[in-house]
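This report describes a single chain from its coordinates. Please consult the sequence and the structure shown here while reading the sections that follow.

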Amino acid sequence: MKKKILFVEDDTDLAKIMVSVLTEEGYEVSQASNGEDALSFCATHTPDLIISDVSMAEMDGFRFLEQIQLQERLKSTPFMFVTGFEVAAGVKKAKEMGAVAYVTKPFDLDNVLETVKTFLK
């Protein structure tokens, strides 16, 4: 059975690349462009891993993670951030909130894939 990944990113070009790469690796990938859409998706689906941008309109990645953690069915789902911000405070906040990884953009796709594989074993 394919592992399911939800990729939440408002940059359409980056989203296309990541969805394509992850799909080629054999994952079933769904994509949302913001936290609100991602929450709607999660209302009826249970991903094995969530990868989210931090900075998005309507609901940022931190708020999205907070909402995921309020749901019993989803709160143990590994959550990984990808972001253009390398601020130490952001990394610290992500870890304190329970994110399993915090990868900064531009990122090395091999590194991202290795991180994904680690949390989907």
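## Salt bridges

The side chains of E96 and K92 form a salt bridge with an N to O distance of 3.8 Å; the term denotes a side-chain nitrogen of Lys or Arg within 4 Å of a carboxyl oxygen of Asp or Glu. The two residues are four apart in helix α4 (residues 88-97), so about one helical turn separates E96 from K92. Helices (H or I, at least four residues) and strands (E, at least two) are DSSP runs, numbered from the N terminus. An α-helix has 3.6 residues a turn, so residues three or four places apart point the same way. E96 is exposed at 59% relative accessibility, and K92 is likewise exposed at 54%. Here buried means under 20% relative accessible area, exposed over 50%, and partly exposed in between, with a 1.4 Å probe and protein chains only.

The model is predicted: local features require pLDDT of at least 70, side-chain atom pairs count only at pLDDT 80 or more, and totals for chains, interfaces and linings use all residues. Residues are numbered from 1 along each chain as its sequence is written, and side-chain values use heavy atoms, with hydrogens and water left out.

The salt-bridge count comes to four. One of them joins K117 to E25, with the closest N and O atoms 3.6 Å apart. K117 belongs to helix α5 (residues 109-119) and E25 to the loop between α1 (12-24) and β2 (28-32), so this pair ties together parts that are 92 residues apart in sequence. Both partners are partly exposed, K117 at 33% relative accessibility and E25 at 37%. Another salt bridge links K75 with E72, whose closest N and O atoms are 3.1 Å apart. In that pair K75 is partly exposed at 43%, whereas E72 is exposed at 61%.

## Aromatic cluster

Four aromatic pairs are present in the structure. In one of them, the ring centres of F79 and F81 lie 5.0 Å apart with the planes at 65°, so the pair is edge-to-face. Rings of Phe, Tyr and Trp (its six-membered ring) pair if their centres lie within 6.5 Å; planes under 30 degrees apart count as stacked, over 60 as edge-to-face, and the rest as tilted. F79 and F81 are both buried.

Ring pairs connect F62, F64, F79, F81 and Y102 into a cluster. K93 lies over the face of F62, at 4.5 Å from the ring centre; this assignment requires NZ of Lys or CZ of Arg within 6 Å of the ring centre and within 35 degrees of the ring normal.

Helix α3 spans residues 61-69, and its buried residues are G61, F62, F64, L65, Q67 and I68. Its N-terminal end is capped by D60, which places a side-chain oxygen 3.2 Å from the backbone nitrogen of F62.

E58 is located in the loop between β3 (49-53) and α3. Its phi is positive, at about 75°, although E58 is not a glycine. Most residues other than glycine have a negative phi. E58 is exposed, with 67% relative accessibility.

## The N-terminal segment

K3 is found in the segment before β1 (4-8) and is partly exposed at 33% relative accessibility. Leaving aside residues up to four places away in sequence, K3 touches Y27, E28, D48 and L120, where contact means heavy atoms within 4.5 Å. K3 and T118 are 115 residues apart in sequence, and their C-alpha atoms are 12 Å apart in space.

## Overall architecture

The chain contains five helices and five strands, which follow the pattern β-α-β-α-β-α-β-α-β-α along the sequence. The radius of gyration is 13 Å, close to the 14 Å that the globule rule gives for 121 residues, so the chain is as compact as a globular protein of that length. That radius is taken over C-alpha atoms, and the globule rule is 2.2 Å times the number of residues to the power 0.38.

Along the principal axes, the C-alpha atoms fill a box of roughly 30 × 30 × 25 Å. Of the 121 residues, 45% count as buried. Among contacts between residues at least 6 apart in sequence, 63% join residues at least 24 apart.

Key. A polar contact is a pair of N or O atoms within 3.5 Å; within protein, one must be able to donate a hydrogen and the other to accept it, and residues adjacent in sequence count only if both atoms are side-chain atoms.
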